[in-house]
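Here is a short tour of one model, written for someone who likes cut-offs spelled out. Take a look at the structure first, then read on.

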Protein chains: 2
Amino acid sequence: MATLGTANPIVVEVTRGGMVESRHRAAVAVVDPDGKVVHGWGDIERPVYGRSAIKPLQALPLIETGAADRFRVSVAETALACASHSGEPRHVELVGAWLARIGCDVADLECGSHLPYHEASLEALLRSGRHPDATYNNCSGKHSGFLSTARHLGEPTKGYIRYEHPVQQRILGTLEQMCGLRLGDAPRGVDGCGIPVIGIPLGNFAMAMARLADPSDLPPARAAAAQRILAAMAAEPFLVAGTGRFCTKVMEVIGKKVVLKTGAEGVYAAALPTLGLGVAIKVDDGAGRAAEAAMGKVLRHLRLLTADEERALADALTPPIRNRVGLETGRVRPASDSPF
Amino acid sequence: MATLGTANPIVVEVTRGGMVESRHRAAVAVVDPDGKVVHGWGDIERPVYGRSAIKPLQALPLIETGAADRFRVSVAETALACASHSGEPRHVELVGAWLARIGCDVADLECGSHLPYHEASLEALLRSGRHPDATYNNCSGKHSGFLSTARHLGEPTKGYIRYEHPVQQRILGTLEQMCGLRLGDAPRGVDGCGIPVIGIPLGNFAMAMARLADPSDLPPARAAAAQRILAAMAAEPFLVAGTGRFCTKVMEVIGKKVVLKTGAEGVYAAALPTLGLGVAIKVDDGAGRAAEAAMGKVLRHLRLLTADEERALADALTPPIRNRVGLETGRVRPASDSPF
């Protein structure tokens, strides 16, 4: 493993015409549920914020506390609790209906709002004269899950995003158990949607994903919650992200073998149930395009894709870059000197 | 200077709460008009595509051929010829009027279209039921300059973006003289707006910017064109980029001491007339946020900013990262282990 200060390997390159134009470095951890490092490229001991890639772990209390059963949280809503959705109509409508069922509304969401990621939905919204509210926030499903848990346990909903709130403290405890380390003194900050982010070594984050993938050694309630979360994400790949997004495309093509979740600043996580492994990737510079290409390469390295699946996913695994008139001018691809 | 294969230095870091979340590496060249390397951090011999940062050099033929005088190209239009504008109303209106004056219209632009970078302009456009045409392309001013030159010299306007077209061959010759090297065999590709991009070593690109800044050894017509271009950019910083953009904010505050131009994939260039130097930056991973922070640090390193100017530009030099409710969650800043 690289020592601190050593440069992480170059894993992704961006071509344009006859030249590599840009390069991305990353650390990649592939770990089993006991913490055995199957692959560790780069510095996997450095703490990273999991950002939205950690959402499947943050959803465990929604199931474990009984909130999901109490409020009849559907498979679709469970997938949305783990989503960074694109703000397409179905995402937004489902979140609105879920909030209503738990006796909340958009005003209870503390995530703020932003325009949809999905350009056609953004255009339709603006052309219709409407404005995005907090249900359009890509994290609105996760926040609906938080509100559901608070409602179920009789906790105040106001301030549910704060580090000290029981919702966030419950998640912290869950992360400690899944990642196998104390996090009380871990570096922390605030996420784009207002909740805490906790610095966790990349290898420990991958181990937590492995424990979702193979929950056989987890307590029964947590194991059942892990299986329900992965099954929901695999069943509803559109709801986990949206039209054209990498998470969605890969899960639509390869099904339950890989459950994927993207995060901001070049983080990507995967639970691999058939192998009983977890994957965590952090691109040094925070580029999502590189995290996707690196994840694609890891999946191929682990022989998780059939030849047919690779063909079906060719433009997701090494995406073309197109100019303003649609001409392909380059590609994002695994680096020629990538270690994997 | 770093040898090929050595990692470029980390020059910019992105903080969130108690931790550095992401890091960017770059090469930075500060060079004089004779090619003397005043500062060379990282590998400045590796070819880079100048992308839009090279526009001030691409505008030289517009002036030198007499096209600008023939068509009474204004100071504002000259700035737009060097711009990556945000598609705000004034940008778009000026380009439309310019095209009409040379007997062209939007259908002659071969750059394609895209939604305005400026979010309020994007919203206003869509809410009004309109669609962006090619005048909204951030490169539409540059393309209007190309069309002006072709019109003036009686060349076909169709295909003016192609490598073989006289407009592009004229620019290639200009770049060869300004960069001090033959480019016929240089790596090349196609830019986002359809024109050729040419791989040029970063140090040579910086030297070309220095020759704009101090054109005393250039042939008189080229020297006059260089001065006219820099004067126009300094006089119209809004037209070079747009509301809230780094190029615009810095030039609005510090005036003619620094003429700046951003480019895609983490490229940034500057001409420094008071020092007679040129600067070229390429962020390895292509991140614009890092190129801006690195450029800000270079300008401070060269003592080009007064204390008042530094204060006025604080949020441009080390920009805050805000979450969806406006809370500051981190900063983009020069790295603690940056070499400059």
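Where in chain A is the place of A:Asp285? A:Asp285 lies in the loop between strand 9 (277-283) and helix 13 (288-301) of chain A; helices (H or I, at least four residues) and strands (E, at least two) are DSSP runs, numbered from the N terminus.

Some housekeeping: this is a predicted model, where local features need pLDDT of at least 70 and side-chain atom pairs count only at pLDDT 80 or more, while totals for chains, interfaces and linings use all residues. Residues are numbered from 1 along each chain as its sequence is written, chains are lettered from A and ligands numbered from 1 in the order in which they are written, and side-chain values use heavy atoms, leaving out hydrogens and water.

Back to A:Asp285: this residue is buried but has no salt bridge, and B:Arg289, the nearest side chain of opposite charge, sits 6.2 Å away. Buried means under 20% relative accessible area, exposed over 50%, partly exposed in between (1.4 Å probe, protein chains only). A salt bridge needs a side-chain nitrogen of Lys or Arg within 4 Å of a carboxyl oxygen of Asp or Glu. For charge, Lys and Arg count as positive and Asp and Glu as negative; His and the chain ends are not counted. Beyond four places in sequence, the contacts (heavy atoms within 4.5 Å) of A:Asp285 include A:His24, A:Glu265, B:Asp285 and B:Arg289.

Over in chain B, B:Lys142 belongs to helix 7 (residues 140-152). B:Lys142 is buried too, with a relative accessible area of 2%. Outside four places in sequence, B:Lys142 touches B:Lys55, B:Gln58, B:Leu80, B:Ala81, B:Cys193 and B:Ile195.

Here are some distances:

| Item | Value |
|---|---|
| A:Asp285 to side chain of B:Arg289 | 6.2 Å |
| C-alpha of B:Lys142 to C-alpha of B:Ala79 | 9.2 Å |
| C-alpha of B:Arg127 to the axis | 2.3 Å |

Now for a sheet. In chain A, three strands form an open antiparallel sheet in the order 4-6-5, where pairing takes at least two DSSP bridges. Strand 4 (47-49) and strand 5 (188-190) of chain A are the edge strands, each pairing on one side only. Strand 5 pairs with strand 6 (residues 196-201) of chain A over three bridges, and A:Val190 stands opposite A:Pro196.

Finally, the symmetry. A rotation of 180° with 0.0 Å of shift along its axis superposes chain B on chain A, with an RMSD of 0.0 Å (least squares on the C-alpha atoms of residues with pLDDT of at least 70 in both). The two copies are thus related as by a two-fold rotation axis.
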